[in-house]
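This report describes a helix pair, a pocket and a peptide bond in one structure. The sequence and the model are shown below.

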Amino acid sequence: MNSYVKTMIAGAAVLMAVVVPAAASDGVVTVKSDYSVAETVARIKKDVFKKGIKFFGVIDQAKLGKDAGNDVKPSRLVMFGNPALGTTFITSNPEAGLDWPVRVLVYQTADGTVYAAYSDFAWIAKRHGITDREAQFKMATEVIQSVTSTIKKN
């Protein structure tokens, strides 16, 4: 097999490894954290405040589960957003309020790995049929990527 064909096959394999999980995730972006759940939440909060973004709160889902008699691995829902930006989505389609404020789920898996997951803004735009806020969705994507970059060691 010549090197061009090998390169094409390798490229297709890499593309499938990236595209298939993204399609299967149905709009969920997952970022592996290098820190504990508590530290990951603290880093996200710190960056949100540093950026001047409105912080709405954290729901400790594991505590709620424990209080209800369920064994839930560490899991916290962090909520924040920029009303000037986020509410523009709602002005385009009121149902976009289902996806605003921004929510980042920080959770630990059975093997102890910690992740932060959030809804992809392109998926949100598609979900709500919003086609007139491209610049705002782009900005929101850049912000969430910046916020979640704080959970990775340099």
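The axes of helix H4 (residues 83–92) and helix H6 (residues 134–149) come within 10 Å and cross at roughly 135°. Helices are DSSP runs of H or I with at least four residues, strands are runs of E with at least two, and both are numbered from the N terminus. The axes are lines fitted to C-alpha atoms over the stretch in contact, with angles from 0 to 180 degrees between N-to-C directions. H4 and H6 are therefore oblique to each other, a term for angles that are not under 35 degrees (roughly parallel), over 145 (roughly antiparallel) or 65 to 115 (roughly perpendicular).

The model is predicted; local features need pLDDT of at least 70, side-chain atom pairs count only at pLDDT 80 or more, and totals for chains, interfaces and linings use all residues. Residues are numbered from 1 along each chain as its sequence is written, and side-chain values use heavy atoms, without hydrogens and water.

Leu 85, Thr 88 and Phe 89 of H4 meet Gln 136, Phe 137, Met 139 and Ala 140 of H6, where contact means heavy atoms within 4.5 Å.

The largest pocket is lined by 16 residues, and Ile 53, Gly 81, Asn 82, Leu 85 and Val 143 lie nearest its centre. Strand S3 (75–81), H4 and H6 each give two or more residues to this lining, and H6 gives the most, with four residues.

The table gives the lining by class.

| Class | Lining of the largest pocket |
|---|---|
| Nonpolar (Ala, Val, Leu, Ile, Met, Phe, Trp, Tyr, Cys, Pro) | 11 residues |
| Polar (the others, Gly among them) | four residues |

Most peptide bonds are trans. The bond from Trp 100 to Pro 101 is cis, with omega near 10°, and Pro 101 lies in the loop between H4 and strand S4 (102–108).

Definitions and conventions:
On a 1 Å grid over the protein atoms alone, a cavity is a set of points where a 1.4 Å probe fits but cannot get out, and a pocket is an open set with protein on both sides within 12 Å along at least five of seven lines; lining residues have an atom within 4 Å of a point.
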